[in-house]
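Please go through this structure with attention to its symmetry, its interfaces, its ring pairs and its charged pairs.

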Amino acid sequence: MTDSSTNMRLKLPIVCFILEIILIILFGVLVEYDHDTDARDFHNMSHHDYENDFYYRYPSFQDVHVMIFIGFGFLMTFLQRYGFSSVGFNFLIAAFSLQWATLMQGFFHGMHGGKIHIGVESMINADFCTGSVLISFGAVLGKTSPIQLLIMAMFEVTLFSVNEYILLSVLGTKDAGGSMTIHTFGAYFGLMVTRVLYRPNLDKSKHRNSSVYHSDLFAMIGTIYLWMFWPSFNSAVTAHGDDQHRTAMNTYYSLAACTMSSYAMSALTAHDGKLDMVHIQNAALAGGVAAGTAGEMMLTPFGSMIVGFLAGIISVLGYKYLTPVLEEKLKIQDTCGVNNLHGMPGILGAIVGAVTAAVATKDVYGEGLHDVFPLVAEGKREASVQGGIQAVSLAVTLGIALIGGLIVGKFPVSLTVNSSTAVSDEIIIILL
Amino acid sequence: MTDSSTNMRLKLPIVCFILEIILIILFGVLVEYDHDTDARDFHNMSHHDYENDFYYRYPSFQDVHVMIFIGFGFLMTFLQRYGFSSVGFNFLIAAFSLQWATLMQGFFHGMHGGKIHIGVESMINADFCTGSVLISFGAVLGKTSPIQLLIMAMFEVTLFSVNEYILLSVLGTKDAGGSMTIHTFGAYFGLMVTRVLYRPNLDKSKHRNSSVYHSDLFAMIGTIYLWMFWPSFNSAVTAHGDDQHRTAMNTYYSLAACTMSSYAMSALTAHDGKLDMVHIQNAALAGGVAAGTAGEMMLTPFGSMIVGFLAGIISVLGYKYLTPVLEEKLKIQDTCGVNNLHGMPGILGAIVGAVTAAVATKDVYGEGLHDVFPLVAEGKREASVQGGIQAVSLAVTLGIALIGGLIVGKFPVSLTVNSSTAVSDEIIIILL
Amino acid sequence: MTDSSTNMRLKLPIVCFILEIILIILFGVLVEYDHDTDARDFHNMSHHDYENDFYYRYPSFQDVHVMIFIGFGFLMTFLQRYGFSSVGFNFLIAAFSLQWATLMQGFFHGMHGGKIHIGVESMINADFCTGSVLISFGAVLGKTSPIQLLIMAMFEVTLFSVNEYILLSVLGTKDAGGSMTIHTFGAYFGLMVTRVLYRPNLDKSKHRNSSVYHSDLFAMIGTIYLWMFWPSFNSAVTAHGDDQHRTAMNTYYSLAACTMSSYAMSALTAHDGKLDMVHIQNAALAGGVAAGTAGEMMLTPFGSMIVGFLAGIISVLGYKYLTPVLEEKLKIQDTCGVNNLHGMPGILGAIVGAVTAAVATKDVYGEGLHDVFPLVAEGKREASVQGGIQAVSLAVTLGIALIGGLIVGKFPVSLTVNSSTAVSDEIIIILL
């Protein structure tokens, strides 16, 4: 024990220091202010101050930031024994991931003359990528040391950026709220990692004994912040003007409908009429995930509500019937049920996006078509082709996530386990 | 018991599903994007992106959203036994109410060519109407099943919209922060419902036994979010420019002064020098309620502070001396003391608004008079007449709230009780 | 005991009422709406609504507001016995301080024709000054009655405004995020007051016994809100456009790097590999403090990360090795460790600001130099001189804070103690 903890005492600091020093050096070599953050460049252009991208996106950025640090962090406190671990590790891997994501995303689609240009939009994208890592964290919660999480984050951010680059830059896919790039990717990557790390004796129920009461109230803080700010999440990087406005509103109605169907399904599937807090805490959010791709499109409030309504039903059914099967048959221990909150609703969102894209017309979008489907507006692509490419993008995302998760779980993450002899739950708790 | 819970198990899902399906159908038939959310319409007009209403109101909307879901939800956790119920039911009825309010408010004052046009302003108004329902929820907390709450919400939203229509559209009343339309209406509607549902053996004090400590800290989260974002609440739908700015600032100073007088009165009325957490959690907010009508007017920071100062005093006195009398003499069990936080401060706010309107002059407001009192600016109405109409509006609001609450409590809500045999506190708790 | 509590029962109300009435009278005599909040003035000018300062600063103001009331309030709940005291007293002294700060700051640098003009910028500045008082509160937590805190706040706000006036108006120092004016000042003022109030038998560790678990989760809410919104804090009053944008981004990267080094140092300095929650809750924030002066300058993301990285290291070392020495050798009982979170990182921030200012060139800043260093841009001052004056400003701040804290602790605060006979921890607890 003394040996193991001495080991820990040195390993975590060394890993953190090395990673941060590498980050600082790479930032020094590669990163520059963009035109809206650089004092000279912004004043060189004939811009008004109010046209600075800061005013269009910073309020949304802060909402997203709250979702990443409070929302994801506290949502996971429902596992009573892991209250500290979830908030504390969430904080650490998020702080690392957002820096690493700035570099990876910049490398793939933010280079200008050999330099990565950054501003509020890149900050939002870095937070988005971090969100994907935290979704995977939800799948492996309780089985991994902070060092393993940092290693997983490093590889996941890289693969996330590759997938995002293929979708957004190569295929011309639209996915502003990340049903595919963030939610589907994060969920299935994490599920593969947790499969690799399968531990037969992990008994979640045992950790939910005393004083669940306050743990559940803390988890509701996470849930409600995610719920409230999801409109900002989906609209944070859509085009200025009507696009941001429409996306936020579609998401708002999708979530409201989803909450209604989640409560209904939770009571319906319970054998004693008791609402299951886990359903309320998670399924009610599926409407935000499912509006992630089509939210910026002319989905209509009516369409958004149908999407949210279905997402809530799917999500509760997943928690009730699929999660136990995944664990028993496939040995996938999905601690927080990310397949139900992010996986299946993400796939639903991708399909809705593909269909909505396929039926887009100039008549409905007018000049706004340039913002939502630029390739279709410029006549370079039929709407139906755009729809097909959206569907292909889902397959690409699933492929990269599953294979990536398998490899990253099998090698870097598992090797880290071995080198630290044995990481029992106790030691993880001790470490925080 | 098994019978009753089976009953519950089916009733809540059925009610939720039916309500949501009706909402979706009505949205499909009636609701359309407005000019700032529609891709074609927004691009048809010669607008700059930064003129989209989204950028004027979305940050305020999100603050209001936090007040509705975190603020109201957690404020009510101070009743220890009802921690889950308050947060969980709050979530459900808010998700329903905001959809239903979109339709009702749109029906009464948002129709354009047979369609309801929606955007960020209608979202704020829907949240406002939801706030009113949650105020009534505070009055009946601990006595109602979720189904009863949904029924109450359905009728209350409808009556809210009628009252709002009479005030804002027929009478030309000003009430941007809703001292009358939201707070007075919600409080007295709820007080009548709780009167109808009077239950002699409801003993609140018993529910406050163990571990009140953390319950009170959770409640402080609710309080402080309401307190911080009240400036956004009152300014969210005022005119662009100086109006939003002035309203936020007036509310800020009203709240600060109210906090000082609440602490003072709480210590003064205590018999042992102990500050009462219930006073701090509630009375300190009365300054926001009381600035709801006059906040957008040229109330001056000085005037705002006097209003807040008085509101804090009235509110603590209400908790200390009036609430027990209401319960004993009038059989009104005001669980959260909404009469003290929303009722009397709302009336104070309405009176302050009437007086401030009556003394408005072109000299003080300049061209800004068109934003605040358009009818007065256009010479269609004297300022003194505007003041009188503001006072009449308070009477109208009280009348509709009291009669409406009586009828809604007596019939739809009470009938729901009967049909579900008996709803004891235990079953309510079990249901969440 | 009865005697003492009767005493309390009357003293707190009397002090609150007198202070608030004085505030209201002074507001009535001295305070007016500024050009962006006054209905007539704003419409007299040929402004567009979107140019109102409200839209540039209000979202940042609300973030700062959350830091002051939720951030500071809940950060201090980690001392389990003081959960209520910290949140409740925080609320009271903040509500008082922001009103008093409006007057003091207005008196020193907001007078127009004998009147203090106020708007969103003065609201942010009032919140900033309040933040400084709350930092000092962190140093004396557990030793002071609410009345003493109000007295301390009254004098501290005054001295804060004097120091701020000397720095910003007389010396032309740049300190938008307040490394000097807010953090260094608040920390060293508070440390001197706590030195004067030294109480040998104050045993913090005893207060951390039962159920620390939830206390620590509440404290993490405070920490994470401070962490997330610090970019808004540092950028809230910088110039419009690229300045606000750049400041927010620099702070974001400084905080991320700081979190990494805080975790590393916490594990490294632990004897059992256990991360210390106090380090996580506090040291991870030092990166925001240290970016307070140079954040608006062309510090580069790379430079910001180095600053944050160092701040985290210094802060953990302070908690580990300096705090015990301060208590034992200098009799300074720094309850919340404000020297480690605000004091030393504030000094680091001031030094970084001085160096960054000294190397500023027209080549790097272009026309933006007018926003960041107006005197240098106008040729009235060399950049190196600006750097020197920044360094002098740190010395001035330290001098005023230390001497001011000594005098205010010695006389008004200590005299209040004596007059109320004896204020034991118990009575303080009882009072809330």
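The paragraphs below take these topics in turn.

This is a predicted model, in which local features need pLDDT of at least 70 and side-chain atom pairs count only at pLDDT 80 or more, while totals for chains, interfaces and linings use all residues. Residues are numbered from 1 along each chain as its sequence is written, chains are lettered from A and ligands numbered from 1 in the order in which they are written, and side-chain values use heavy atoms, with hydrogens and water left out.

Two copies of a chain are related by a rotation about an axis and a shift along it.

How do the copies meet? Only 10% of the interface residues of chain A are also interface residues in chain B, so the copies meet through different surfaces. Contact here means heavy atoms within 4.5 Å. Between chain A and chain B, 70 residues of chain A are in contact with 67 residues of chain B. The area buried between chain A and chain B is about 6000 Å², and carbon and sulfur atoms give 74% of that area. Buried area is the accessible area (1.4 Å probe) that two parts lose on being put together, summed over both. There are 21 residue pairs in polar contact between chain A and chain B, both residues being at pLDDT 80 or more. A polar contact is a pair of N or O atoms within 3.5 Å; within protein, one must be able to donate a hydrogen and the other to accept it, and residues adjacent in sequence count only if both atoms are side-chain atoms. On the side of chain A that touches chain B, the elements giving two or more residues are helix 3, helix 8 (212–235), helix 9 (242–269), helix 10 (277–282), helix 12 (300–330) and helix 14 (362–365) of chain A. Helix 9 of chain A provides the largest share of that side, 20 residues. Helices (H or I, at least four residues) are DSSP runs, numbered from the N terminus. The count of salt bridges between chain A and chain B is zero.

The contact between chain C and chain A takes 70 residues from chain C and 67 residues from chain A. Chain C and chain A bury about 6000 Å² between them, 74% of it on carbon and sulfur atoms. Their count of salt bridges is zero, and 21 residue pairs, both at pLDDT 80 or more, are in polar contact. Helix 9 of chain C gives the most to the side of chain C that touches chain A, with 20 residues.

Aromatic rings come next. Rings of Phe, Tyr and Trp (its six-membered ring) pair if their centres lie within 6.5 Å; planes under 30 degrees apart count as stacked, over 60 as edge-to-face and the rest as tilted. By this rule there are 72 aromatic pairs over all chains. A:Phe17 and C:Phe309 have ring centres 5.7 Å apart and planes at 75 degrees, so the pair is edge-to-face. Since A:Phe17 lies in helix 1 (residues 2–30) of chain A and C:Phe309 in helix 12 (residues 300–330) of chain C, the pair joins two chains. Both A:Phe17 and C:Phe309 are buried, where buried means under 20% relative accessible area, exposed over 50% and partly exposed in between (1.4 Å probe, protein chains only). Ring pairs also link A:Phe27, A:Phe54, A:Tyr55, A:Tyr58, A:Phe61, C:Tyr56, C:Tyr252 and C:Tyr253 into a cluster.

Side chains of opposite charge can pair when their charged atoms come close. A salt bridge is a side-chain nitrogen of Lys or Arg within 4 Å of a carboxyl oxygen of Asp or Glu, and the structure holds 23 salt bridges over all chains. A:Glu121 and A:Arg57 form one of them, at 3.8 Å from N to O. The pair links distant parts of the chain, 64 residues apart, with A:Glu121 in helix 5 (residues 120–140) and A:Arg57 in helix 3 (residues 53–75) of chain A. A:Glu121 is partly exposed at 34% relative accessible area, whereas A:Arg57 is buried at 4%.

In chain B, B:Glu296 forms a salt bridge with B:Lys174, with the closest N and O atoms 4.0 Å apart. B:Glu296 is buried at 3% relative accessible area, and B:Lys174 is buried at 17%.
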